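This briefing is meant for a reader who is meeting the structure for the first time. Please keep the sequence and the model in view while reading, and follow the topics in turn.

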Amino acid sequence: MNLSTTIAGVQFPGCIMNAAGARCVTQAELEALGRSRACAIVTKSMTLEPRQGNPEPRYYGFPSGSINSMGLPNLGYRAYAKLIPELKRFGKPVIASVAGLCEADFISIATVINESQPDLVEVNLSCPNIPGKPQIGYDAEASERLLARVRKVLTVPMGVKLPPYFDPVHQEQMVPVLERTGVQFLSLINSVGNGLVVDPVSETVVIKPKGGFGGLGGPLIKPVALANVRAFWKLFGGRLPIIGTGGVVTGTDIFEHLLCGASAVQIGTVLVDEGLAAFDRLEQELAAVLEAKGYGSVEACRGKLKEL
Ligand code: DHB
């Protein structure tokens, strides 16, 4: 079974990688991804300075998903700039996830990280967990300003990690922004921001930062993820590659993302939960699903969702 895929001209040996944030902060974690069956190494979203992140507990898994408010714990972009050339020895694409606490940070980081030549840059316009900082992806004008400036300093392909949109008008408004700024791939979706999980036994919230509010992931967000993959696939007529993220737990979940138009998927909650063995299991499950369905490759079923 051919599970390889191509995104913005970059070839991937498979179609399942980690989502930014999941087991990808430290050198040891990134190298473990390199040795695993992950088809790429995606870094934690990096900021200018190293960050400890928010106080713990800041991640909580439950049967239908997860909630987190990590607060961008990361080594700082200088450390990742040094690591990226070393990570290339694993022979799979390296994707640098770039964040920032203000617009200027994104430009400074992108300028330096570009010199370390990651295969792709994923600009994170959708971190929901920094107190007082709105998700940039919900502001089309701010997104355009930032992406235009980042594009100018990059020579490697630029993609964007977007927040979930819940209204077709918001997706439509982003299309000209993404076109004008030369975005070459989309990662859809980031966590569903500012949810709240309650423990009725202890009568408490389950994570400490922001009074318990945090980004939701896992099975409970799959329909929102699929809807955003499908909507952008249709809006771009299938011409803009999409990495689907949200609710992947089984090979069938991946198949659904591919049918909606994804060229690859990222895994977050299930990777945190299950560890790197999730890549082996998911690859086998996806191969079995495609085989049973009579598809010979990822490419063959991409976007093939039927409407009634
Ligand atoms: C964090 C969470 C996100 O969903 C994101 O896009 C970036 C950072 C975090 O809290 O670390």
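In this predicted model, helix H5 passes helix H6 in a right-handed crossing.

**Helix H5 against helix H6**

- H5, which covers residues 168-180, packs against H6, residues 222-235, at an angle of about 55 degrees, and the two axes lie 10 Å apart.
- Because angles under 35 degrees count as roughly parallel and those from 65 to 115 as roughly perpendicular, H5 and H6 are described as oblique to each other.
- On the H5 side the residues that meet the partner helix are Gln171, Glu172, Met174, Val175 and Leu178, while H6 contributes Ala227, Asn228, Ala231, Phe232 and Leu235.
- Sorted by class, the contact of H5 with H6 holds seven nonpolar residues, two polar ones and one charged one.

**Helix H6 against helix H7**

- H6 also packs against helix H7, residues 251-260, with an angle of about 25 degrees between them and their axes 8 Å apart.
- Since an angle under 35 degrees counts as roughly parallel, that is the term that applies to H6 and H7.
- The H6 residues in this contact are Lys222, Ala225, Leu226, Val229, Arg230 and Trp233, and they face Asp253, Glu256, His257, Leu259 and Cys260 of H7.
- In the contact of H6 with H7 there are six nonpolar, one polar and four charged residues.

**The four-stranded sheet**

- Four strands make up an open sheet with antiparallel pairing, and their order is E5-E6-E14-E11.
- E5 and E11 (192-196) are the edge strands, each having a single partner strand, so one side of each has no neighbour in the sheet.
- From one strand to the next, the twist averages 35 degrees.
- E5 (residues 59-62) and E6 (residues 65-68) run antiparallel and are joined by four bridges, with Gly61 standing opposite Ser66 in E6.
- The link from E5 to E6 is a hairpin through two residues.
- E11 pairs with E14 (residues 213-217) in the antiparallel sense over three bridges, and Gly195 has Gly214 in E14 as its bridge partner.

**Ala20 in its loop**

- Ala20 sits in the loop between strand E3 (16-18) and helix H1 (27-35).
- Beyond its neighbours within four places in sequence, Ala20 is in contact with Val42, Thr43, Ser45, Ser97, Glu122, Lys161 and Gln266.
- Between Ala20 and Gln117 there is a separation of 97 residues in sequence and of 18 Å in space, taken from C-alpha to C-alpha.

Notes
Residues are numbered from 1 along each chain as its sequence is written. This is a predicted model: local features need pLDDT of at least 70, side-chain atom pairs count only at pLDDT 80 or more; totals for chains, interfaces and linings use all residues. Side-chain values use heavy atoms; hydrogens and water are left out. Two strands pair if DSSP finds at least two bridges between them. Axes are lines fitted to C-alpha atoms, for helices over the stretch in contact, and angles run from 0 to 180 degrees between N-to-C directions. Angles under 35 degrees count as roughly parallel, over 145 as roughly antiparallel, 65 to 115 as roughly perpendicular and the rest as oblique. A crossing is left-handed if the near helix is turned anticlockwise from the far one by less than a right angle, and right-handed if clockwise. Contact means heavy atoms within 4.5 Å. Ala, Val, Leu, Ile, Met, Phe, Trp, Tyr, Cys and Pro count as nonpolar, Asp, Glu, Lys and Arg as charged, and the others, Gly among them, as polar.
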